Amino acid sequence: MILLLSIVIGFSVIAFFPIFSDAQSEPKTFVTHSGAVVQTSGEIIDPLYTVSTVEFDPMEYLREFNYGVVSKLSDGTTLREFTIIAEDDKIMEVSPGVFYNVWTFNGTVPGPTIRATEGDLLRIKFINNGSKEHTMHFHGIHPAGMDGVFEPVGGNGGQFVYEFEAGPVGVHPYHCHVMPLEEHIVHGLYGVFIVDPKEERPSADEMVMVLNGLDTDFDTENNFYAANTIPFYYQHHPIQINTNELIRVYVVNMVEFDPINNFHLHGNLYKYYPTGTDLVPSFYTDMITLSQTERGIMEFEYNFPGKYLFHAHKVEFSEKGWIGIFLVNDSSEKNNQELDYGT
Ligand SMILES: [Cu+2]
């Protein structure tokens, strides 16, 4: 009996040794599903329940463009400087009661929309405050050493400066390119990079939609889908636009695990510029299908006011969150109202 007991104790010590061996590290606070606050200095493989949370407002993200700190070089070139900080220990409540460990660029998923004009010089100071190695890999044209693949940036403050000329014109993704790549992308290390043509596109109400999926149980299948991270957000908070006003949507598909995604617009058709590299549209359609990191620019305007859905026509995706509404306000009515108020 004593022998058996000592075997059991011995086994327990071996089994739990990895936890106790880390006991000298800082205690961390976690919140369980029932709301209990737990402290442990043990190793947490995936810190789902840390109290360090991030907030994300899809309505703010939608029309927010980061042009960087702008200056001129002696040869007249525009220099745009950005600071991007990666972290990988935060959680976000992506849907009521659903907490997800997000890995972020500048605290959000997606990261900031970086915007420049073709030919500008971009200087991006990348700081990795995560615990794992991360990088920034931009789609587009740049030297090999700026590709963010073979230059992993160490965690806990590692730094790298990416410097390259903005190009080609279009809409491109950027994302971390550290292996396992799927893991680094699905946790949220991606964002949009817009390169404007030197001769500006016509003025429009512009917005960015990143189509993404959330694998909240880590089984390499998405449990939720969204435009801009929060499932059903734009259905509950319709995007307000005006009749007879040009709308330009920069759309990027970052869904992993599923081979395709798509974008269907109701009550209208849009001009579609694949990758945004051409100034002449390739299609006039109400439906595009996108594979991983495929992207483009959509342009349309509504003549009739009212509520119009937009969603994945892969219905499973729309039923799991990738659906929204454009609330089209009658711009002539608005003008009339303004006139009425004035008299
Ligand atoms: Cu990474």
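Is tyrosine 162 buried or exposed? In this predicted model, tyrosine 162 has a relative accessible area of 0%, so the residue counts as buried, the cut-off being under 20%.

Aromatic pairs come next. A pair of aromatic rings is described by the distance of the centres and the angle of the planes. The model holds 22 aromatic pairs. In one of them, the ring centres of phenylalanine 160 and tyrosine 162 are 4.6 Å apart, and because their planes stand at 50°, the pair is tilted. Another pair joins phenylalanine 300 and tyrosine 302: here the centres are 5.9 Å apart and the planes stand at 85°, so the geometry is edge-to-face. Both phenylalanine 300 and tyrosine 302 are buried. These two residues also belong to one aromatic cluster, whose members include Phe263, Tyr270, Tyr272, Phe283, Tyr308, Phe310, Trp322 and Phe326.

An aromatic ring can also face a charged side chain, as in the next case. Arginine 115 lies over the face of phenylalanine 65, at 4.6 Å from the ring centre.

Now to the sheet. Strands of a sheet pair through backbone hydrogen bonds, either parallel or antiparallel. In this model six strands form an open sheet with mixed pairing, in the order S13-S12-S15-S20-S17-S18. Strand S13 (224-227) and strand S18 (283-285) are at the edges; each has a single partner strand, so one side of each is left without a neighbour in the sheet. On average, neighbouring strands of this sheet are turned by 25° against each other, with direction ignored. Tyrosine 270 has threonine 285 in S18 as its bridge partner.

The last stop is histidine 311, which is located in strand S21 (residues 306-311). With a relative accessible area of 9%, histidine 311 falls under the 20% cut-off and is therefore buried. Which residues does histidine 311 touch, leaving aside those up to four places away in sequence? They are Asn262, Phe263, His264, His266, Ser318, Trp322 and Ile323. With histidine 266 there is also a polar contact of 2.9 Å between the side chains.

Note on methods
Residues numbered from 1 in each chain as written. Predicted model: local features only at pLDDT ≥ 70, side-chain atom pairs only at ≥ 80, totals over all residues. Heavy atoms only, no water. Helix = DSSP H or I, 4+ residues; strand = E, 2+ residues; numbered from the N terminus. Buried < 20%, exposed > 50% of the residue type's maximum accessible area, 1.4 Å probe, protein only. Polar contact = N/O pair within 3.5 Å; in protein donor to acceptor, adjacent residues only side chain to side chain. Contact = heavy atoms within 4.5 Å. Phe/Tyr/Trp six-rings, centres within 6.5 Å; stacked < 30°, edge-to-face > 60°. Lys NZ or Arg CZ within 6 Å of the ring centre and 35° of its normal. Pairing = 2+ DSSP bridges. Axes fitted to C-alpha atoms, helices over the stretch in contact; angles between N-to-C directions.
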